[in-house]
Amino acid sequence: MPGQLRCFSHACRANFAITDVLYTCPRCGGLLEACYDFQALEPEALRRLWRDRRLSDDLLDRSGVWRYREMFPFLDDYAGVVSLREGNTPLLDAPAAAAYSGLDGLQFKHQGYNPSGSFKDNGMTAGMAQAVRLGRKMVACVSTGNTSASMAAYAAAAGLKAVIFIPHGNIAYGKLAQALEYGAVTLQVEANFDQILALVRELAEREGIYLLNSVNPFRIEGQKTIIIEMLEQRGWRPPDWIVLPGGNLGNASAFGKALRELKQVGLIGRLPRLAVIQAQGAAPFYDLFRSAERAAIRKVDDPKTLATAIRIGAPVSWPKALYEVQATGGLVETVTEQEIADAKAIIGRCGIGCEPASAATLAGMKKMTGAGRIRRDADVVAVLTGHLLKDPDYIYRYHTNQLLDPDGRPLEPTFGNRPVVVPNDPARIAAMLREG
Ligand SMILES: *Cc1c(COP(=O)(O)O)cnc(C)c1O
């Protein structure tokens, strides 16, 4: 039973075949989601099956995404799946970060341990499998960030041609470097993001290129496994809160869908609450959530944040994310550049580390516990979305007091750790080390 595609708009709910090449609903323009009949699934049997697969030598079973394939059965067979051993990410206790945020305890689910260093790999392996299944030879996305790095890696592994479109003037070098190394064709277009999106859609239509942008419903299916794996690691005890950063809001959508479906199958008895954290300079979803009617998102024309992975002014998946956050009784919060920078340094001091967007989670927790919106004894899992080394420039600047916010104002190196120049003199160095 390969499921079907369904329009997410509750006024439309049109159904389409799972193999139709659609990115949005052809009737109403709404978002699409994959739907399945989960009736035959038994929670106990699934738990055992997923445990046993960890001992298998089959890469499909060892993948932290495809191990849970019963929860996203959109393929007819698994011959075309390309795995780079994505998922399998750790759930880490972080007492120092917990104390910093005013919580008794806190766990990090670190998606930066993925093959290309971000959670985009969880979704990309699924999206790429759909591209292969549809017989496509070329895939594309518009991104300068982790999506291009991930798509380039999986396309290379699958033997498909990858084309990345870079919006004018926005280049994140660390992530772009990965895309170049993985062999993606990288095109810089003299146009803004919306114009490029229109261009890419036309090209996709004409040339049969499969689009792996964040609206792609199959990427969302793969990202559900972040939640499944985390709950499995916790012995199927749902936390009180799951905290994550929000950019295009694909991940918030995926998390909500996963939780609903796990409850439907009987793998969990209740829904944890989702807390989505945005950067103050790029917070259209926060504004929407705070508005009285929560009717339609208002685009932020010039989104500003050093956390480039969440520098999104018009998040495409907002209707899904709004539905999911509300369904869990969740929250949306914003944090400042200074709060992100300091929280990031604290995560580093735990020996864990992450990229700036990920640190918005800890900054958000601190703010919400401080305001009494989350209890100090709450059971909280924060999802760290990307690896520390995605953005080394930011780190060096912070620790050496050279980090400027997007408006050019200096940020305070509250937990700065600058390199020290010393003379070639063991006695003086020893004395210095003793002083601490
Ligand atoms: C893509 C990304 C985000 C934002 O996720 P959305 O699904 O777009 O909300 C956050 N952090 C990192 C590291 C990312 O790569």
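W236 lies in the loop between α8 (217–233) and β10 (241–245); helices (H or I, at least four residues) and strands (E, at least two) are DSSP runs, numbered from the N terminus. This is a predicted model, in which local features need pLDDT of at least 70, side-chain atom pairs count only at pLDDT 80 or more, and totals for chains, interfaces and linings use all residues. Residues are numbered from 1 along each chain as its sequence is written, and side-chain values use heavy atoms, with hydrogens and water left out.

**Loop residues with positive phi**

- W236 is not a glycine, yet its phi is positive, about 65°.
- Its relative accessibility is 11%, so W236 counts as buried. Buried means under 20% relative accessible area, exposed over 50%, and partly exposed in between (1.4 Å probe, protein chains only).
- L249 sits in the loop between β10 and α9 (250–265).
- Phi of L249 is also positive, near 75°, in a residue other than glycine.
- L249 counts as buried because its relative accessibility is 3%.

**Around the ligand**

- The ligand has 16 residues around it, and K120, N146, G247, N248 and T385 come nearest. A residue is near a molecule or strand if one of its heavy atoms lies within 4 Å of it.
- The shell holds six nonpolar, eight polar and two charged residues. Here Ala, Val, Leu, Ile, Met, Phe, Trp, Tyr, Cys and Pro count as nonpolar, Asp, Glu, Lys and Arg as charged, and the others, Gly among them, as polar.
- K120 places a polar side-chain atom 2.6 Å from an oxygen atom of the ligand. A polar contact is a pair of N or O atoms within 3.5 Å; within protein, one must be able to donate a hydrogen and the other to accept it, and residues adjacent in sequence count only if both atoms are side-chain atoms.
- G250 uses its backbone: an N or O atom there lies 3.1 Å from an oxygen atom of the ligand.
- T385 has a polar side-chain atom 2.8 Å from a nitrogen atom of the ligand.
- On its own the ligand has 380 Å² of accessible area, and the protein covers 94% of that. Accessible areas come from the Shrake-Rupley method with a 1.4 Å probe; for residues, only the protein chains shown count as cover.

- R219 lies in helix α8. R219 counts as buried, at 2% relative accessibility.
- The side chain of R219 reaches two backbone oxygens: that of L212 at 2.7 Å and that of N213 at 3.3 Å.
- Leaving out residues up to four places away in sequence, R219 touches K120, G123, M124, G127, T147, L212, N213 and S214. Contact means heavy atoms within 4.5 Å.
- R219 and M128 are 91 residues apart in sequence, but 8.5 Å apart in space, C-alpha to C-alpha.
- Q223 is also found in α8. Q223 is buried, with a relative accessible area of 3%.
- Beyond residues up to four places away in sequence, Q223 touches F119, N122, G123, G250, N251, A254 and F255.

**Helix α14**

- Y394, I395 and Y398 are buried in helix α14 (residues 392–399).
- Seen down the axis of α14, its buried residues fall within an arc of 100°, so they line one face of the helix. The arc is that of the directions from the helix axis to the C-beta atoms.
- An α-helix has 3.6 residues a turn, so residues three or four places apart point the same way.
- α12 (337–349) and α13 (356–370) are what the buried residues of α14 pack against.
- N401 follows α14, and its phi is positive, near 60°.

- H110 is part of strand β5 (residues 107–110). H110 counts as buried, at 1% relative accessibility.
- A polar atom of the H110 side chain lies 2.9 Å from the backbone nitrogen of G112.
- H110 touches T89, P90, L92, I352, G353, C354, L384, G386 and H387, not counting residues up to four places away in sequence.
- P73 is in the loop between α2 (59–62) and β4 (91–93). P73 counts as buried, at 19% relative accessibility.
- P73 and A34 are 39 residues apart along the chain, and their C-alpha atoms are separated by 9.3 Å.
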